[in-house]
Amino acid sequence: MSNYRIRQGDTLSALAARFKTSVSALARTNKIANPNLIYAGASLRVPGHSGSDSFQPAKGGSKGSGGAKAPSGSKGGGKVDSSAGAGNSGGATPAMRKLAAAGRAAAMGMGGYNSQGLCATGVSRAIQNAFGVKVWGNGNQIDNNLPKDKFKQVNMSLAEALKTPGLVLTWEKTSSRLGSIYGHTAITTGDGRSSVSDFIERNTLGAGGRSGLKIFRPIV
């Protein structure tokens with residue numbers, strides 16, 4: 001039996017393949033109730049192996065090694081999501097798909113494909129319709145008001161996030177006058193391009209002038 005320290009971006013299935021074991025064996029050995037959720041910084045016991053030299057990343061890591069820094073505010077214990085890390089819509093949970101559908105419905109009910117300047121209203125409405133939770137604040141305030149028992153911040157690029165449905169995106173600032181004050185927020189659809197709030201934005205990746213991106217995944 002050996003130990004491996006879980007890094008941001010790891011998935012249980014990838015680790016099982018790496019260490020020539022099975023997902024069920026890892027889950028059983030480590031008493032993991034949900035194999036789709038593992039924790040950055042946690043120690044994973046790997047059955048059938050001895051020694052730990054090849055299991056631990058070198059101090060400081062190397063760029064491109066996959067050991068991404070944990071999201072700010074997570075204190076090294078942020079949940080690592082196997083589907084979000086992979087940027088694969090096929091790995092989305094039912095809760096994520098439910099939020100994506102609620103987001104699209106809210107957007108179509110408000111502005112369709114035209115912004116009404118009410119992004120936070122659209123996202124808040126979608127979250128309430130999907131999970132029965134009220135979230136207040138502007139586009140750059142929602143990130144602080146998401147219930148921590150229902151959402152976890154994930155560390156990934158915007159391009160990866162857009163491939164996964166049901167993630168909440170927040171930006172501190174955008175290039176517009178109001179956006180520089182209130183920021184922007186949206187929910188990913190999983191098609192790799194668009195996101196929804198009070199309207200459907202066809203090309204979120206191409207929207208310039210935005211800064212301070214944070215990404216959150218529902219864990220309900």
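Q: Where is the place of Leu178?
A: Leu178 sits in the loop between β6 (168-171) and α8 (179-182). Helices here are DSSP runs of H or I with at least four residues, strands are E runs of at least two, and both are numbered from the N terminus. Before going on: this is a predicted model, where local features need pLDDT of at least 70 and side-chain atom pairs count only at pLDDT 80 or more, while totals for chains, interfaces and linings use all residues. Residues are numbered from 1 along each chain as its sequence is written, and side-chain values use heavy atoms, with hydrogens and water left out.

Q: Why is Leu178 called partly exposed?
A: Buried means under 20% relative accessible area, exposed means over 50%, and partly exposed is in between (1.4 Å probe, protein chains only). Leu178 comes out at 45%, so partly exposed it is.

Q: What makes Leu178, Ile181 and Tyr182 a nonpolar patch?
A: Patch members need over 30% relative accessible area and no salt bridge; nonpolar side chains (Val, Leu, Ile, Met, Phe, Trp, Tyr) are joined within 5 Å, like charges within 9 Å. Leu178, at 45%, is one of the three residues in this surface patch, which has about 290 Å² of accessible area together. That area comes from the Shrake-Rupley method with a 1.4 Å probe, and for residues only the protein chains shown count as cover.

Q: Why do Arg210 and Glu201 form a salt bridge?
A: The term needs a side-chain nitrogen of Lys or Arg within 4 Å of a carboxyl oxygen of Asp or Glu. The closest N and O atoms of Arg210 and Glu201 are 2.6 Å apart, so the pair qualifies. Arg210 is partly exposed at 23%, whereas Glu201 is buried at 12%.

Q: How many salt bridges does a search of the whole structure find?
A: Four. Among them is Lys150 with Asp149, with closest N and O atoms 3.4 Å apart. Lys150 is partly exposed at 23%, while Asp149 is exposed at 54%. Another is Arg193 with Asp191, at 3.5 Å.

Q: How do you know that Ser124 is buried?
A: Its relative accessible area is 12%, and the label applies because that value is under 20%. Ser124 lies in helix α5 (residues 119-131).

Q: Which residues does Ser124 touch?
A: Leaving out residues up to four places away in sequence, Ser124 touches Val133, Val135 and Ile142. Contact here means heavy atoms within 4.5 Å.
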